[in-house]
Amino acid sequence: MDATDRLMPGPEGKTPRFYEVDRGNKTESYISAVSGNPVVPEHIMLKEQAPPVEEPKKTWEPRPPVVARPKNPDQIGLSEEELEQFRNDPCWKFIRTALFILFWLIWLALFAAAILLVCLSPACIVREKPNWWQTAVAYHVWVPSFQDSDGDGVGDVDGLIDRLDQLRKSGVQTVWPSPFLISDDDKTAVRSFSQMDPKLGVNQKADELIQKIHEKEMKIVISIPIATTSLEHEWFLNSASASKTPNANYSQFYTWVSKAADSNFFTEHKNLFYLHEKGNSKSAVLNWQNSNLREHMFNALSSWIDRGVDGFELLGIEYLARTPNGTEPEWNAIYDVIRDIRFHVDTALFSTREEAKEKDKKRMAKSGMDTVINYELGEVEKDTKICHKNEGSVATCVHEILSDFGSPDLARLASRVGSRPHAQLLMMLQMVLPGTNNIYYGEEIGMRNLANDSRVPPQKGAMQWDDSLNGGFTSAMSPPVPSNIDVANINWKRQYSEPQSTLKIFAKLAKLRQREDALKTGTTLIGRLVDGAFTIYVAALNFAEHPVKLPLTDLPNNEKLQKSTIVTATSNCEVYYARQTVDLGGKEIELEPNQGVVFRYSA
């Protein structure tokens, strides 16, 4: 059906018919829309009927020249339009290429120079970190006199544990408790190598002490009688009954002879004679030539290492090997034993060598001993054969003897030198010496000896903590360990609160030793003695009773002394104080009587 033949429904359902449109004044578009027969507009029809007209091909035209825009007066350098004219300029092309090549040539030359510098420069000196025992301040505690925890008047391990925080504040890095093992005489007649003395606490307290010390980031060393035991020790009892089958392996644990001429070294027991320390028959000498005994001793040392002990003081090394008659040490054999101990024990080992020469100390060190304690300064005492009366002070003998000091068997420093200022000077001196420092309890506050008629040895008086009853040592009313009469003025609490005191000197220098390599492993430089005074690298000490000007010309790089800093000064010093900046460019320092300072500068 044609589109124009559309039918429209008629009225009332009649037969449809074509819809006639009354044209009248109607436009053609209207009629087309109504009738459904659209009429194409005439202008469109003409366009469709017209033939296509080809557009003429565009010909190339030269690019119009760039018209430069007005230059901005605030602009720095050339604009983009101004630079455009140099793009293809041959001269500028050459300059750009030359600079590019020059840049890479310089870069390659610098890279090659850096490689040559690394290859040809001398290797850096590797500074080996010292072992802890080489720089430690070891605090030697006589436990029965240090702190009583249960009111019986005798110090114990619990009391020592309670005071660890004060020791840490004082700058102590290593705790050395004595006595420790159970023994007959608190020394070498040890009854067991695995049991702490019950007078100090139950054996489990030893493990608690080790743990608490480590929690304070400190070390612990204990004393081991390496060459002797008590007659009550299990090994001696078994050795004395070696004829019985179960004890046969113990027969050679000690030195037994059938005859002995010297009763100072041998004592009879069951028709035989055993070797012991000179004049001490309760301390039997072990036979280190026996392999079975060595194995037992190594196991004893290893058990304490496993429990956490960081080092050992080996007591009685001169009895590790003896001549056949027992009267003299066999040092070559002793060095062999020390090497054997070092091979089996990987921890700090130190010992005391009385009246040893420097070559003997070096041989002990080469054999495996980490530190050989020398108590020569323990002989420093006013008005003695060491420090003569006509010297007026201990300066000359101290200048000649420089070493560690402080021991339960020596008189206290302040009592020996007869002067607290001199005791401070000696404390200061000791703390600036390189190597391990051993401090006996109470020396850090300048404690004196007890009266000679006291119930305990004069150098083993109660530690003076404060000015309360018994100096804070015990709550007992009449303790067997007495306190000194000067406890009200000389005590830890008072000195810790003072800006300058013996304790503050000790604490500052102990902490300085942890930071300064020169005080750890440096070389000791001692200036010449000048009228009762002398210098020792970074310290100046005046033991005289009059002012002294000390030259500093012996110090290395002394031209840098203009900017020196005072580390600490003795408590009687008013001119110098801690952290003070001083000009020592004149290369001398003046000190008043009995004064001392420790200073530092960039050497």
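**Exercise 1.** Which residues form a nonpolar patch on the surface, and what is their accessible area together?

*Solution.* This is a predicted model, in which local features need pLDDT of at least 70 and side-chain atom pairs count only at pLDDT 80 or more, while totals for chains, interfaces and linings use all residues. Residues are numbered from 1 along each chain as its sequence is written, and side-chain values use heavy atoms, without hydrogens and water.

Step 1. Patch members have over 30% relative accessible area and no salt bridge; like charges are joined within 9 Å, nonpolar side chains (Val, Leu, Ile, Met, Phe, Trp, Tyr) within 5 Å.

Step 2. The patch consists of F100, I101, F103, W104, L105, W107, L108, F111 and I115, with about 960 Å² of accessible area together (Shrake-Rupley method, 1.4 Å probe; for residues, only the protein chains shown count as cover).

Step 3. I115 belongs to helix α4 (residues 90-120); helices are DSSP runs (H or I, at least four residues), numbered from the N terminus. At 41% relative accessible area, I115 is partly exposed, that is, between buried (under 20%) and exposed (over 50%).

**Exercise 2.** Locate the salt bridges of K205.

*Solution.* Step 1. A salt bridge puts a side-chain nitrogen of Lys or Arg within 4 Å of a carboxyl oxygen of Asp or Glu; the whole structure has 13.

Step 2. K205 pairs with D158 at 3.0 Å, N to O. K205 is in helix α8 (residues 204-215) and D158 in helix α6 (residues 157-162), so the bridge ties together parts 47 residues apart in sequence.

Step 3. K205 also meets E208 at 3.0 Å, N to O; these two are three residues apart in helix α8, about one helical turn.

Methods. Buried < 20%, exposed > 50% of the residue type's maximum accessible area, 1.4 Å probe, protein only.
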